[in-house]
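Me: I'd like to go over the pockets in this one. Could you show it first?

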Amino acid sequence: MAQAVEEWYKQMPIITRSYLTAAVVTTIGCSLDIISPYNLYLNPRLVVKQYQFWRLVTNFLYFRKMDLDFMFHMFFLARYCKLLEENSFRGRTADFFYMLLFGATVLTGIVLIGGMIPYLSESFAKIIFLSNSLTFMMVYVWSKQNPFIHMSFLGLFTFTAAYLPWVLLGFSVLVGASAWVDLLGMIAGHAYYFLEDVYPRMSGRRPLRTPSFIKALFADEAVVVAQPANVRFAPPPAEEVHQD
């Protein structure tokens, strides 16, 4: 069993493995009081006035208590992050990292701007960890890129992947979780999907082209599609040609 888990872990692509490891280590560290969540949460005032820039990253690593909700999100992170990196972003690790960076930036910007809007500031002030939202963003992007895959929710009913974010949003509401967290992930995911997949088809321009300095950080291996080399087919027998 331990060997199977080790093999499963080693076979994960680099970004998925790194993010999953950081999230589990951070959450376990907080549960054991080795790390304080007060040093991790998103606090714009501390970021700007006391230069605690690490909070812009660490708030995406902590998944609150180690309960059933934590296990669900670790499953989503391991599954859909891995599916995206291995399939849609195969051979494009830098592009996948840039997608996560874009999502994190959008989510942070929404929370900061929302905190300044009357009547909404109180709701956004309660969102101090965006890890669940970033995970939900990956689920949303995957569902948009694989809309026709058939899925089952706890064996109760089946649906296509295009409705997966809405099914999970409804489940969050049923169990009493905040819908804001999932909605933010859907907004960030749709922003990425539109700018990366829809807008380029409409205009021929790609606004989310990965910067060269990020590509320089990752040595992507080219994805080679095997093609038959100079295959010559023999002509059909003469009797078959004249049968018509």
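**Pockets and their linings**

Me: What volume does the second largest pocket have?
Reply: This is a predicted model, where local features need pLDDT of at least 70, side-chain atom pairs need 80 or more, and totals for chains, interfaces and linings use all residues. Residues are numbered from 1 along each chain as its sequence is written, and side-chain values use heavy atoms, without hydrogens or water. A pocket is an open set of points on a 1 Å grid over the protein atoms alone, where a 1.4 Å probe fits, with protein on both sides within 12 Å along at least five of seven lines. Filling the points (joined across faces, edges and corners) with probe spheres gives about 380 Å³.

Me: Which helix gives the most to that second pocket's lining?
Reply: Lining residues have an atom within 4 Å of a point, and Tyr-19 and Phe-97 are among those closest to the centre of the second largest pocket. Helices here are DSSP runs (H or I, at least four residues), numbered from the N terminus. Helix 2, helix 4 and helix 6 each supply at least two lining residues. With five residues, the top contributor is helix 6.

Me: How many charged residues line the largest pocket?
Reply: The largest pocket is about 690 Å³, and Asp-69 and His-73 are among the lining residues nearest its centre. Asp, Glu, Lys and Arg count as charged; Ala, Val, Leu, Ile, Met, Phe, Trp, Tyr, Cys and Pro as nonpolar; the others, Gly among them, as polar. The lining has 14 nonpolar and seven polar residues, and the charged ones number six.
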